[in-house]
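Hi everyone, thanks for making time.

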Amino acid sequence: MSGSDRRVAVDGVSKTYDGEDGGVRALADVSFDVEDGEFVCIVGPSGCGKTTLFRIIGGLEPLTSGEVRLSGEPVTGPSPDLGIVFQEYHLFPWRTVRGNVAFGLEQQDLDAGAREQRVAEMLDLVGLEAFADSYPKGLSGGMKQRVGIARALAVDPEILLMDEPFGSVDAQTRSMLHAELLSIWRETEKTVLFVTHDVDEAVTLADRIVVMEPSPGRVQEIVDVDLDRPRERTDEAFAEQVEYVRGLISE
Amino acid sequence: MSTLETDLGTDFGGDYDRRRLARGALGVVAFLLVWEVASWFNPAYVLPSPRAVAEVFVVELRSGAMLTALTASVTHWLPGTVVGTTLGIALGVTMAYSDLADDVATPLVRVLRPVPPLALIGFAIAWIGLNHAGAAFIIAAGAFWINYYAAYGGVDGVPEEFLDVAKSLGVDTDLGLVRKVVLPSALPEIITGIRTGIGRCWMLIIAAELMGVPGVGRELYTASQNLSVDAVLAYILLMSLVYLVLDTGVKSVQNRVLAWQ
């Protein structure tokens, strides 16, 4: 662990769920680092423990051994330094779009004016100003996830942790959201940790891809993606990269 | 609650509502007709005609007897309902949220739950007396369980993920989670409980006034002891009208508060 460059340090993380026959090993000695401002995807087949890892990094679930550090501080629970975006959005249905985005800000010592301004900035960032007063039930999946992202970013976390955030939207919306997320990432200079099972998605987005393998979940290889952005799925280099990662996963 | 009917109502607009109203009116008229015809073949002390009941209703209303009875009933119905509802929600939320409270209180709840509010009349008389407070006690017991179970179910059904989101956004106390997430998320069930409880408690006044406390229920007993079926029906009509007004009021509040659904 050197300096504050390592935004996220996953250090020998293991997780065993209690059960008969000594329980189920979900993760075994998982280690990797994420640098400040980096975009890292975690990819793997189902059963590789990537969602467990997501929950552990987010402080939503305890680990059995090892440690996760955010900017050098061990994770002991959910922290406002880390904004979480879920696949199923989990927007608060009783709050408007504006109310959802304001939720985290209400926990801070901000006067109403500053809060409103921050909410407006966030809605502008995700292009949802026109829907500020709508309730989540009336929004499409893509719009809901934009709200989810705005809500997580509103409190200005260092890290954005996302679990298959675009897994529930159609392909066209997904590629639009990819472009939007990358532009948000560039604009805000956040560190992004993005869990997915979609190799195309990982190669489209990531600086590096942590490829995981199942039973028990562990890191198989960490792949650098040296492709210029914006990346075109039709490029040969893109296809090669995807093939390579797919090859790892199907081994 | 988003029932099929209300969905249709919004989809089909005013025409649908008007048709519903017209059909409802038809049902009422048909019922009154059958009643009227049946009354021709029965003596008035068995089945008075709708008109006779309406006349008694107007007489009782004009004399002020109805208003007096209504005021008396409300004097124990309102505090009983408010206290029972508040305690029921408070305990339901606490037990559903806290495993500790749940474990401690569950055996007690299992034992006490089957006791009907009517069975508490003895306690009401012994502990409190034949007065408004005694009647309010019975009503509160009725309101308590309805609201307890509604709040418990609502809080039990709060998705764990909402709590995760709130924690990751800086809510770090149980009180904060309850206030910002648990209560708003469980509000539909809680309000349904309040609405059910208000209606059920209004009906409970009959039981609560059985022991001699004045009110609409008491008037009903007096009338039935005098074999004045017309007065019995007039007071039943009064109870129904009050219930209708109450429930419509609560329903409109419910719709406004739960506009997000």
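So, taken over C-alpha atoms, the centres of domain 1 and domain 2 of chain B are 27 Å apart. This is a predicted model, by the way, so what I say about it is computed from predicted coordinates. In chain B, domain 1 covers residues 1-41 and domain 2 covers 46-257.

How many residues does each domain put into the contact? Domain 1 of chain B gives five residues, and domain 2 of chain B gives six. Together those two domains bury about 530 Å², with 73% of that on carbon and sulfur atoms. On the domain 1 side, the residues touching domain 2 of chain B split into three nonpolar, one polar and one charged. Across this interface within chain B there are zero salt bridges, and one residue pair is in polar contact, both residues at pLDDT 80 or more.

Okay, on to the two chains. Chain A brings 23 residues to the contact and chain B brings 17.

What about charged pairs? Between chain A and chain B we count two salt bridges. If you want one to find on the screen, look for R55(A) and D164(B): their side chains meet in a salt bridge, at 3.4 Å from N to O. There are also three residue pairs in polar contact between chain A and chain B, again with both residues at pLDDT 80 or more.

Last thing: confidence. Chain B has a mean pLDDT of 91, and 95% of its residues reach 70 or more. Which elements of chain B have the highest and lowest mean pLDDT? The highest is helix α3 of chain B, residues 65-97, at 96, and the lowest is helix α1 of chain B, residues 4-40, at 80. Over residues 1-11 of chain B, pLDDT stays under 50, and the model has eight contacts for that stretch beyond four places in sequence.

Key:
Residues numbered from 1 in each chain as written. Chains lettered and ligands numbered in written order. Heavy atoms only, no water. Contact = heavy atoms within 4.5 Å. Salt bridge = Lys/Arg side-chain N within 4 Å of Asp/Glu carboxyl O. Polar contact = N/O pair within 3.5 Å; in protein donor to acceptor, adjacent residues only side chain to side chain. Domains from an automatic or database assignment. Buried area = accessible area lost by both parts, 1.4 Å probe. Nonpolar A, V, L, I, M, F, W, Y, C, P; charged D, E, K, R; others polar. pLDDT = per-residue confidence, 0-100. Helix = DSSP H or I, 4+ residues; strand = E, 2+ residues; numbered from the N terminus.
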